[in-house]
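Subject: Structure for your review

Dear colleague,

Please find below the structure that I am handing over to you.

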Amino acid sequence: MRLTDYQIQAIRQLARQVAGSQSRVRVFGSRLDDAAHGGDLDLMLELPEPVDNPALMAAQMSAQVSRAMHGRKVDVLLIAPNLMRLPIHDMAFKEGELL
């Protein structure tokens, strides 16, 4: 995984701030390939409770992690009981790594 320990801790802390202490965050996509270079950061926030405004939560998480990673592009996917599960969620669960 192409994230430093500091970046992992920052992402975990930001997930708790944005989505609550029961949230979990998973990295998926190109950041898991140690041989790759550059690229965006793909995150999935796993939430145990329904989300009132998922677009706002995803945008807040994306912006805050992007700032912590010096402007790196960050895509955030949410999964919660009230949100539709899509094939991208299945891929993130299958290939992703929990932080």
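**Overall architecture**

The protein has three helices and four strands. Please note that this is a predicted model. Read from the N terminus, the elements follow the order α-β-β-α-β-α-β. The radius of gyration is 13 Å, close to the 13 Å that the globule rule gives for 99 residues, so the protein is as compact as a globular protein of that length. Along the principal axes, the C-alpha atoms fill a box of roughly 35 × 25 × 20 Å.

Of the 99 residues, 43% are buried. Among contacts with a separation of 6 or more, 66% are between residues 24 or more positions apart. The protein exposes about 5,700 Å², and carbon and sulfur atoms supply 52% of that area.

**The sheet**

The four strands form an open sheet with mixed pairing, in the order β3-β2-β1-β4. Strands β3 and β4 (97-98) stand at the edges with a single partner strand each, so one side of each has no neighbour in the sheet. In general, strands of a sheet pair through backbone hydrogen bonds, in either a parallel or an antiparallel manner. For β1 and β4 the sense is antiparallel, and the pair is joined over two bridges. Val 27 has Glu 97 of β4 as its bridge partner.

**Helix α1**

Helix α1 covers residues 5-19. The buried residues of α1 are Gln 7, Ile 8, Ala 10, Ile 11, Leu 14, Ala 15, Val 18 and Ala 19. Viewed down the axis of α1, these buried residues fall within an arc of 160 degrees, so they line one face of the helix. They pack against β1 (24-28), β2 (41-46) and α2 (54-68). On the face of α1 turned away from the buried side are the exposed residues Asp 5, Tyr 6 and Gln 17. After α1 comes Gly 20, with a positive phi near 100 degrees.

**Helix α2**

Helix α2 also has its length and its buried face described here. It has 15 residues and reaches 21 Å from its first C-alpha to its last, close to the 21 Å expected at 1.5 Å a residue. Within α2, the residues Met 57, Ala 58, Met 61, Ser 62, Val 65 and Ser 66 are buried. Seen down the axis of α2, they fall within an arc of 155 degrees, so they line one face of the helix. The partners against which the buried residues of α2 pack are α1, β2 and β3 (74-79). His 70 follows α2 and has a positive phi, near 55 degrees.

**Leu 3**

Leu 3 lies in the segment before α1. Is Leu 3 buried or exposed? With a relative accessible area of 10%, Leu 3 counts as buried, because the cut-off is under 20%. Leaving aside residues up to four places away in sequence, Leu 3 touches Ile 8, Ile 11, Val 27, Arg 31, Leu 41 and Met 69. Two of these contacts, Ile 8 and Ile 11, are among the buried residues of α1. By contrast, the C-alpha atoms of Leu 3 and Val 51 are separated by 28 Å, and these residues are 48 residues apart along the chain.

Yours sincerely

Notes. Residues are numbered from 1 along each chain as its sequence is written. This is a predicted model: local features need pLDDT of at least 70, side-chain atom pairs count only at pLDDT 80 or more; totals for chains, interfaces and linings use all residues. Side-chain values use heavy atoms; hydrogens and water are left out. The expected span of a helix is 1.5 Å times one less than its number of residues. Buried means under 20% relative accessible area, exposed over 50%, partly exposed in between (1.4 Å probe, protein chains only). The arc is that of the directions from the helix axis to the C-beta atoms. Contact means heavy atoms within 4.5 Å. The radius of gyration is taken over C-alpha atoms; the globule rule is 2.2 Å times the number of residues to the power 0.38. Accessible areas come from the Shrake-Rupley method with a 1.4 Å probe; for residues, only the protein chains shown count as cover. Two strands pair if DSSP finds at least two bridges between them.
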